[in-house]
Amino acid sequence: MDRDPVIKVDRLVKHYQGVQAVRDISFEVFPGEIFGLLGPNGAGKTTTLEIIETLRGKTSGKVHVAGFDTDRNPGEIKKLIGVQLQSAGYYPNLTLVELIRLFSGLYNVDTDANAMLRKVGLEDKERARYKQLSGGQKQRFSIATTLINRPVVVFLDEPTTGLDPQARVNLWGLIRGIREQGTTVVLTTHYMEEAEHLCDRVAIIEKGAVIAIDSPDKLIDNLVATGFERKKEMKKASLEDVFLSLTGHKWRDE
Ligand code: ATP
């Protein structure tokens, strides 16, 4: 890549008392990428993400975001990034429009709340309260809140965990749309197919270390080039197809 990376993580290490959560992680993310940290539970993805977001300290290593050092300029970095909050961070009784106005006030920016809801496909929910949303809608809303300060990078920690397959595919479309508007996306996932379909490049994390990093296509092609073959033929249909054929409609979002 010929452009400067928007994120540079260099030999990152994080120890908690007795736990080496991150042993040695280095990677770069370039502007306009959807970059995935892919790994099983406990691999160190959230820890890595929160260190980049300046929300957590590190043991050693260097992290830069948009040229700023997380040790020296955490305040500058916070202004440039969008971080998806866990749902507990929202007031359940405020409407979506009220919540977006509240966040806009905190960020001190003017936001057209209805346009923001339209962007994430929640235009008909403007008067709904957060607690009345489905799981997929809650995720969409929390992604909308990451966009309020017009960030250069958004961080999404397991954005589709717990969603049904159709809601997951819908959210992938939303995340691609964010990238198309010029925002870099960094996400964590433990879903292989999510990384394969959504991410331009992935870092595969295992026990606190990067074991592979490339585009999903390249990683798969490299494996195939070694003579690898799947043990079992893929079936011609999936359980989703069975559901579709039984009901005549797709797995629903809500
Ligand atoms: P998940 O997909 O389950 O969120 P993860 O890949 O995001 O997993 P982390 O949450 O970064 O993994 O955790 C990495 C390791 O660090 C785990 O063994 C976890 O138990 C440990 N860990 C995380 N936070 C703390 C903490 N505050 N104190 C002690 N150990 C922690």
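In which strand does Phe68 lie? Phe68 lies in strand E5, which is the subject of one of the views below.

**About these views.** This is a predicted model, in which local features need pLDDT of at least 70, side-chain atom pairs count only at pLDDT 80 or more, and totals for chains, interfaces and linings use all residues. Residues are numbered from 1 along each chain as its sequence is written, and side-chain values use heavy atoms, with hydrogens and water left out.

**View 1. Strand E5 holds Phe68 and Asp69.** Helices (H or I, at least four residues) and strands (E, at least two) are DSSP runs, numbered from the N terminus. E5 spans residues 68–69. Phe68 counts as partly exposed, at 26% relative accessibility. Asp69 is buried, with a relative accessible area of 2%. Buried means under 20% relative accessible area, exposed over 50%, and partly exposed in between (1.4 Å probe, protein chains only). Contact means heavy atoms within 4.5 Å. Not counting residues up to four places away in sequence, Phe68 touches Val63, Asn73, Glu76, Ile77 and Leu80. With neighbours within four places left aside, Asp69 is in contact with Lys62, Val63, His64, Pro74 and Ile77. The Asp69 side chain also reaches the backbone nitrogen of Asp71, at 2.8 Å. A polar contact is a pair of N or O atoms within 3.5 Å; within protein, one must be able to donate a hydrogen and the other to accept it, and residues adjacent in sequence count only if both atoms are side-chain atoms. Phe68 and Lys8 are 60 residues apart in sequence, yet their C-alpha atoms are 9.8 Å apart in space.

View 2. From the backbone, an N or O atom of Gly42 lies 2.7 Å from a ligand oxygen atom. A polar backbone atom of Ala43 is 3.0 Å from an oxygen atom of the ligand. From a side chain, a polar atom of Tyr16 lies 3.4 Å from a ligand nitrogen atom. Taken alone the ligand exposes 630 Å², and the protein buries 63% of that. These areas come from the Shrake-Rupley method with a 1.4 Å probe; for residues, only the protein chains shown count as cover.

**View 3. Helix H1 is mostly covered.** Six of its eight residues are buried. They are Lys45, Thr47, Thr48, Leu49, Ile51 and Ile52. Just after H1, Thr54 takes a positive phi of about 65°, although Thr54 is not a glycine. Thr54 is found in the loop between H1 and strand E4 (60–65). Thr54 is buried, with a relative accessible area of 14%.

**View 4. Ala66 sits in the loop between E4 and E5.** Phi of Ala66 is near 50°, a positive value in a residue other than glycine. Ala66 is partly exposed, with a relative accessible area of 32%.

**View 5. Helix H6 covers residues 165–180.** H6 has 16 residues and reaches 23 Å from its first C-alpha to its last. That is close to the 22 Å expected at 1.5 Å a residue, where the expected span is 1.5 Å times one less than the number of residues. At the N-terminal end, Asp164 caps H6, with a side-chain oxygen 3.1 Å from the backbone nitrogen of Gln166. Gln166, Ala167, Arg168, Leu171, Trp172, Leu174, Ile175 and Ile178 are buried. An α-helix has 3.6 residues a turn, so residues three or four places apart point the same way. The buried residues of H6 pack against strands E3 (34–38), E7 (153–157) and E8 (184–189), and against helices H4 (113–119), H5 (135–146) and H7 (192–198). Gly177 lies in H6 and is partly exposed, with a relative accessible area of 26%. H6 is followed by Gly182, whose phi is positive, near 100°.
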